[in-house]
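Hi,

Here is the structure I promised to pass on to you. Have a look at it first, and my notes follow below.

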Amino acid sequence: MIEISHVNKWYSPTFQVLTDCTTSVTKGEVVVVCGPSGSGKSTLIKCVNALEPFQEGDISVDGTKVNDPKTNLPKLRSRVGMVFQHFELFPHLKIIDNLCLAQQKVLGRSSDKAVAKGMQLLDRVGLNEQAQKFPAQLSGGQQQRVAIARALAMDPIVMLFDEPTSALDPEMVSEVLDVMVDLAREGMTMMVVTHEMGFARKVANRVIFMDRGEIVEDAPKDDFFGKTRSDRAQKFLSKIL
Ligand code: ADP
Ligand code: MG
């Protein structure tokens, strides 16, 4: 579903942020990406839906090359759900309208259809009673669940998450992780940047460890936690576990 092949990216001629990154995510797979701050995790995940350009290598999503100038990027991005650390809901729109906007504008769904889909997804994340509220009236955990529902409303073929719980108060982390665990168990293809190793242990198929722009480890979950090979990954794990 996602193929990342020998990607090199520079933010400036003297600063290479990604070095020869190669990995893939197959359909239905959940891949967790972890690593120290500044190691290039966000940059890599943004390259997947072409929010960041890269100079060398190739990335394709469901067979469509994101770095091909002929690719219809808005169309591609409409199929790739993305959830960021900061929820980025539209503050002036009610929750239900946050869920409907792109369904109508991008997918051309009727208002009735969009609302029905929106309500179904709010129900799924346990927030159907909040539909008529504005984002600021919800807690951080609730807003992040809305952000996930909004991404799902587009019927994505893959979901990308970039530290979705790291801006939340500790007591709200689990309500967001629970939604993500359900999603993983339902078979969604997911690439998740997170340091929540409990989540990784529960649902990840593979864990990638990045350091200084390189993919240092890319291993099945049990291998990653069982016999971490590199010193760098070992050191990182000992700090966060
Ligand atoms: P991570 O998500 O692992 O913390 P990032 O991908 O955000 O890492 O950043 C990797 C490195 O690239 C960091 O050194 C960061 O300061 C730098 N960086 C991130 N975005 C930009 C940018 N737009 N321009 C220049 N440097 C950037
Ligand atoms: Mg980041």
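A term to start with: a charge sits over a ring if NZ of Lys or CZ of Arg is within 6 Å of the ring centre and within 35 degrees of the ring normal. Please keep in mind that this is a predicted model.

The charged end of Arg 150 is placed over the ring of Phe 90, at 5.0 Å from the ring centre. Likewise, Arg 201 has its charged end over the ring of Phe 225, and here the distance to the centre is 4.2 Å.

Next, the ligand. Which residues surround ligand 1? The shell consists of Tyr 11, Phe 15, Val 17, Pro 36, Ser 37, Gly 38, Ser 39, Gly 40, Lys 41, Ser 42 and Thr 43. By type, these split into 4 nonpolar, 6 polar and 1 charged. Two elements, β2 (15-25) and α1 (41-48), each bring at least two residues to the shell, and α1 contributes the most, with 3 residues.

- Lys 41: a side-chain N or O atom lies 2.7 Å from an oxygen atom of the ligand.
- Ser 42: a side-chain N or O atom is 2.8 Å from an oxygen atom of the ligand.

On its own, ligand 1 has 560 Å² of accessible area, and the protein covers 59% of that.

Now for the aromatic rings, of which the structure holds 3 pairs. One of them involves two residues of the ligand shell, Tyr 11 and Phe 15. Their ring centres are 6.3 Å apart and the planes meet at 25 degrees, so this pair counts as stacked, the limit being under 30 degrees.

Another pair is Phe 209 with Phe 236, which is tilted, with 5.3 Å between the centres and 45 degrees between the planes. This pair links distant parts of the chain, 27 residues apart: Phe 209 belongs to strand β9 (residues 206-211) and Phe 236 to helix α9 (residues 231-240). Phe 209 counts as buried because its relative accessibility is 1%; Phe 236, at 10%, is buried too.

Best wishes

Technical notes
Residues numbered from 1 in each chain as written. Chains lettered and ligands numbered in written order. Predicted model: local features only at pLDDT ≥ 70, side-chain atom pairs only at ≥ 80, totals over all residues. Heavy atoms only, no water. Near = heavy atom within 4 Å. Polar contact = N/O pair within 3.5 Å; in protein donor to acceptor, adjacent residues only side chain to side chain. Areas by Shrake-Rupley, 256 points an atom, 1.4 Å probe, with all protein chains shown as cover. Helix = DSSP H or I, 4+ residues; strand = E, 2+ residues; numbered from the N terminus. Nonpolar A, V, L, I, M, F, W, Y, C, P; charged D, E, K, R; others polar. Phe/Tyr/Trp six-rings, centres within 6.5 Å; stacked < 30°, edge-to-face > 60°. Buried < 20%, exposed > 50% of the residue type's maximum accessible area, 1.4 Å probe, protein only.
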